[in-house]
Amino acid sequence: MTVKIYSRKGIKTLLAKSKIENTAIVSFHDPVDRGRRLLEDYQPINFTGKCDRVMQITIHDLDPEALTDFGLSVETYFPEADELAEFIYKAKEDGLGIICQCEYGQSRSAGCAAAILQHFSKNGIDIFADYRYYPNQLVYHKVFDALQKYASLERKEN
């Protein structure tokens, strides 16, 4: 399975060229009400007609120590992680590659990509070692744990 990381700008450039085939997209975007950083025209990317399989996740890019500033805890941050694990497994079963995309393509998307690569190929450390990325630790651990849990449930069912 190929796993690629894109920024908002990079994915928009890719979408402008053509439809994205044989790929599932995990798109992380900021909450629209993100305070003073809000740009008036900020909206999640519209993938309609450009990709057949997309999961969009609204999530703050936070470090663990900032969770309480947003009324969150490790337990309540990223409640979609289990749903994302199922999405990733179904994409893999269908032979699709995965694009992980966030605002700058450095933190949330890198954390997700690292978790996927660690779970399936045991090489997620490659993302952490690449100077271009600063993987979000919370996203990494939430996705990795959800993938492990999903795999465990799958084994029990079979």
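Is Asn22 buried or exposed? The points below answer this and then describe the chain as a whole.

1. Basis of the note. This is a predicted model, in which local features need pLDDT of at least 70 and side-chain atom pairs count only at pLDDT 80 or more, while totals for chains, interfaces and linings use all residues. Residues are numbered from 1 along each chain as its sequence is written, and side-chain values use heavy atoms, with hydrogens and water left out.

2. Asn22. With a relative accessible area of 58%, Asn22 is exposed; the term exposed stands for over 50% relative accessible area, buried for under 20%, and partly exposed for values in between (1.4 Å probe, protein chains only). Asn22 belongs to strand S2. Its phi is near 50 degrees, a positive value in a residue other than glycine.

3. Order of elements. The chain has 5 helices and 4 strands, where helices (H or I, at least four residues) and strands (E, at least two) are DSSP runs numbered from the N terminus. Read from the N terminus on, the elements follow the order β-α-β-β-α-β-α-α-α.

4. Overall dimensions. The radius of gyration of the chain is 15 Å, which agrees with the value near 15 Å that a compact globule of 158 residues would have. This radius is taken over C-alpha atoms, and the globule rule is 2.2 Å times the number of residues to the power 0.38. Along the principal axes, the C-alpha atoms fill a box of roughly 50 × 40 × 30 Å.

5. Of the 158 residues, 46% count as buried. The chain exposes about 9,000 Å², and carbon and sulfur atoms supply 48% of this area; accessible areas come from the Shrake-Rupley method with a 1.4 Å probe, and for residues only the protein chains shown count as cover. Among contacts (heavy atoms within 4.5 Å) with a separation of 6 or more, residues 24 or more positions apart account for 77%.

6. Largest nonpolar core. In soluble globular proteins, nonpolar side chains tend to be buried together. A nonpolar core is here a set of buried Ala, Val, Leu, Ile, Met, Phe, Trp, Tyr and Cys residues joined through side-chain atoms within 4.5 Å. The largest one has 42 residues, of which Phe28, Phe78, Leu84, Cys112 and Val143 touch the most other members. Elements that give two or more residues to this core include strand S1 (3-7), strand S2 (20-29), helix H3 (108-121) and helix H5 (137-157). H5 provides the largest share, 9 residues. A second, separate core of 8 residues includes Ile25, Phe47, Cys51 and Ile99.

7. Phe78. This residue lies in the loop between S3 and H2 and is buried, with a relative accessible area of 4%. Although Phe78 is not a glycine, its phi is positive, at about 60 degrees. Leaving aside neighbours within four places in sequence, Phe78 is in contact with Phe28, Ile57, Ile59, Leu84, Val139, Lys142 and Val143.

8. Ser109. Located in helix H3, Ser109 counts as buried because its relative accessibility is 0%. Not counting residues up to four places away in sequence, Ser109 touches Ile5, Tyr6, Phe28, Cys100, Gln101 and Cys102.

9. Tyr42. The loop between S2 and S3 holds Tyr42, which is buried at a relative accessible area of 4%. Tyr42 and Val26 are 16 residues apart in sequence, and their C-alpha atoms are 18 Å apart in space.
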